[in-house]
Amino acid sequence: MLSKERKEKLDKIIIRYPQKRAALLPALHLIQEQEGYISKDAMQYIVDYLEIPFGHVLGVVTFYSMFYDKPIGRHHIQVCTNVSCQLLGAETLVGHIGGRCGIKPGETSADGRFTISEVECLGSCGTAPMMQINDDYHENLTAEKVNSILDSLK
Ligand code: FES
């Protein structure tokens, strides 16, 4: 399942810990980096490789919003809808972004370009409202700013 290079990387991480299972988060990151998401087969690979129960892996994958258990769009738009962002218009922005992309939160556009997710606090409350697209934060958002960001995405 993991490429030779990523498997070697994981093996180097595993030996840092007294138990293989402690390498679960890095293992999941490596799988997701390679595959784009973590399928049931990938979870089973981790179960076998790290010798941990399937339910444990499934629980971690589905708990953290940074892990995806199904394919997502090329641009994953995660809009924070927690308190500070909520108070400064996050819901309106979610509707605006959804209108621009033609999808609702939790959906991926038919062309595979966009996935929109509503997420909890991303630790950038002082620059609310904000969103994260892939690895980049976009802060102090307005509808105009969102338009310009979306227009810049390929
Ligand atoms: S509430 Fe949105 S970043 Fe914290």
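By class, the residues lining the second largest pocket are 3 nonpolar, 8 polar and 2 charged. This pocket belongs to a predicted model, and its space comes to about 250 Å³. In total 13 residues line the second largest pocket, and Gln32, Met66, Tyr68, Asn134 and Asp135 are the closest to its centre.

Let us step back to the overall layout before going further. The chain is divided into domain 1, residues 4–63, and domain 2, residues 75–152. Between the C-alpha centres of domain 1 and domain 2 there are 29 Å.

Now for the largest pocket, which has a volume of about 390 Å³. Its lining is made of 24 residues, and those nearest the centre are Ser65, Phe67, Tyr68, His76 and Ser117. Helix H4 (54–63), strand E1 (75–80) and strand E2 (114–119) are the elements that each give two or more residues to this lining. E2 provides the largest share, 5 residues. Both domains take part, as domain 1 and domain 2 each contribute at least three residues to the lining of the largest pocket. By class, that lining holds 12 nonpolar, 8 polar and 4 charged residues.

From open space we can turn to the packed interior. In soluble globular proteins, nonpolar side chains tend to be buried together. The largest nonpolar core here has 23 residues, and the members that touch the most others are Leu10, Leu24, Leu28, Ile38, Ile46, Leu50 and Val57. Helices H1 (4–14), H2 (24–35), H3 (40–50) and H4 each supply at least two residues of this core. The most comes from H3, which gives 7 residues.

An α-helix has 3.6 residues a turn, so residues three or four places apart point the same way. Just after H3, Glu51 has a positive phi of about 55 degrees.

Which residues does Leu10 contact, leaving aside its neighbours within four places in sequence? They are Leu2, Ala23, Ala27, Leu30 and Tyr49. The other leucine, Leu24, is found in helix H2. Leu24 counts as buried because its relative accessible area is 4%, and buried means under 20%. Setting aside neighbours within four places in sequence, Leu24 is in contact with Ile46, Leu50, Ile52, His56, Val57 and Val60. Along the chain, Leu24 and Val60 are 36 residues apart, yet their C-alpha atoms are separated by 8.8 Å.

Our last stop is a loop. Ser124 sits between E2 and strand E3 (131–133). Is Ser124 buried or exposed? Its relative accessibility is 8%, so Ser124 counts as buried. Beyond its neighbours within four places in sequence, Ser124 is in contact with Met130, Tyr137 and Glu139.

How values were computed: Residues are numbered from 1 along each chain as its sequence is written. This is a predicted model: local features need pLDDT of at least 70, side-chain atom pairs count only at pLDDT 80 or more; totals for chains, interfaces and linings use all residues. Side-chain values use heavy atoms; hydrogens and water are left out. On a 1 Å grid over the protein atoms alone, a cavity is a set of points where a 1.4 Å probe fits but cannot get out, and a pocket is an open set with protein on both sides within 12 Å along at least five of seven lines; lining residues have an atom within 4 Å of a point. Grid points are joined across faces, edges and corners, and a volume is the space filled by probe spheres set on the points. Helices (H or I, at least four residues) and strands (E, at least two) are DSSP runs, numbered from the N terminus. Ala, Val, Leu, Ile, Met, Phe, Trp, Tyr, Cys and Pro count as nonpolar, Asp, Glu, Lys and Arg as charged, and the others, Gly among them, as polar. Domain bounds come from an automatic or database domain assignment. A nonpolar core is a set of buried Ala, Val, Leu, Ile, Met, Phe, Trp, Tyr and Cys residues joined through side-chain atoms within 4.5 Å. Buried means under 20% relative accessible area, exposed over 50%, partly exposed in between (1.4 Å probe, protein chains only). Contact means heavy atoms within 4.5 Å.
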